[in-house]
Amino acid sequence: MSYEIKNVWSVLLRLFHWSLVLSIVTLVVTGLYINTPWTNTTLEGSVSFPMATMRYIHFLAGYLFAAAVMVRLFLYIFGNRQERIFDILPVTPRNFKSLTTTLGYYSYLSDKHDERLGHNVLAGIVYIVTFVAALFQLSSGFYMLYPEAAFWQGLGGSIFGTQQEGRFLHHLLMWYFILFAFVHVYLVVWNDLKSPEGLVSSMFNGKKFKHKNV
Ligand code: HEM
Ligand code: HEM
């Protein structure tokens, strides 16, 4: 069984991934603060203004998050073979098989691992759901940030309704991202243990180890 080193993820995809991770962790921490400020200080607004600081960091991270999402959109269309959207949609017989094989593998019904260069299709579908959630998250965020701007007022008003409804969805979606992050990190480590091909390190160096015929 000889292995080969294959280049799988471009620098741009890896930059997207780690910018997304950095921004989401920051957004969750500062977002929870905006919701329930835990410093509870009487100094608020005099010598220090933690709420303003947290909101400022939230908005900065929000811009990074929005930029990362735009980069992913670009890569879905113009990325390498593994990064394009058609590689992860169950629209070809090969991709549909990846979905069923992975479902069997993840539920411990079979030991057959789907060896492919890019994401398995189950993961790919969840990444698309996450991408769509990110679009809603950033549009509700910008709706709250620029309530007076005609563009966000029109878009936000028609998708979310009132500011408070937009804010509620923004909050709910945060829990989706938290859940995703935990399940995702669990699954990439689990995969790395069960089928050693350098999965986790591939998000750093872009390379995976594969059998010659893959
Ligand atoms: C995964 C991404 C994000 C998470 C987890 C997140 C989380 C949160 C949370 C929990 C709140 C407090 C709302 C509440 O429960 O009362 C909040 C508020 C807010 N977020 Fe985000 N957010 C994210 C992305 C963004 C983005 C991309 C923007 C756009 C710049 C943004 C802008 C805002 C604004 C303007 C507020 C309202 C602040 C205020 O009322 O003082 N957020 N966010
Ligand atoms: C230290 C923690 C993390 C590690 C080691 C890691 C590693 C990886 C790896 C190896 C992949 C490719 C897996 C596959 O082929 O399906 C991946 C994809 C992905 N990860 Fe992470 N991840 C981490 C944290 C996160 C967090 C916190 C988020 C967001 C909440 C995240 C979001 C994503 C997304 C969206 C993809 C899909 C990339 C794409 O669109 O092609 N990751 N990650």
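Start by selecting alanine 68: setting aside its neighbours within four places in sequence, this residue is in contact with Phe16, Ser19, Leu20 and Ser23 (contact means that C-beta atoms, placed from the backbone, lie within 7 Å). Before you go on, note that this is a predicted model, in which local features need pLDDT of at least 70, side-chain atom pairs count only at pLDDT 80 or more, and totals for chains, interfaces and linings use all residues. Residues are numbered from 1 along each chain as its sequence is written, while chains are lettered from A and ligands numbered from 1 in the order in which they are written.

**Next stop: helix H1**

Select 11-35 for helix H1 (helices are DSSP runs of H or I, at least four residues, numbered from the N terminus). H1 has 25 residues and reaches 35 Å from its first C-alpha to its last, close to the 36 Å expected at 1.5 Å a residue (that is, 1.5 Å times one less than the number of residues). Now colour Phe16, Leu20, Ser23, Ile24, Leu27, Thr30 and Gly31, which are buried (20 or more other C-beta atoms within 10 Å of a residue's own; 12 or fewer is exposed, and in between is partly exposed). Helix H2 (50-78) and H6 are among what covers them.

**Into the core**

Which residues have the most contacts inside the largest nonpolar core? Pick Leu20, Ile24, Leu27, Phe65, Ala68 and Leu138, out of 13 residues in that core (a set of buried Ala, Val, Leu, Ile, Met, Phe, Trp, Tyr and Cys residues joined through C-beta atoms within 7 Å). H1, H2 and H4 each give two or more residues to this core.

Leucine 60 is found in helix H2. It counts as partly exposed because it has 14 C-beta neighbours inside 10 Å. Draw a line between the C-alpha atoms of leucine 60 and serine 23: they are 37 residues apart along the chain and separated by 8.7 Å.

**The two ligands**

Show ligand 1 and the 24 residues around it; Gly31, Asn35, Gly62, Gly141 and Met174 come nearest (a residue is near if its C-beta atom, placed from the backbone, lies within 6 Å). H1 supplies the largest share of this shell, seven residues.

Finish at ligand 2, surrounded by 20 residues, the closest being His119, Ala123, Tyr127, Ala181 and Met203. Here H6 gives the most, with six residues.

Technical notes. Contact = placed C-beta atoms within 7 Å.
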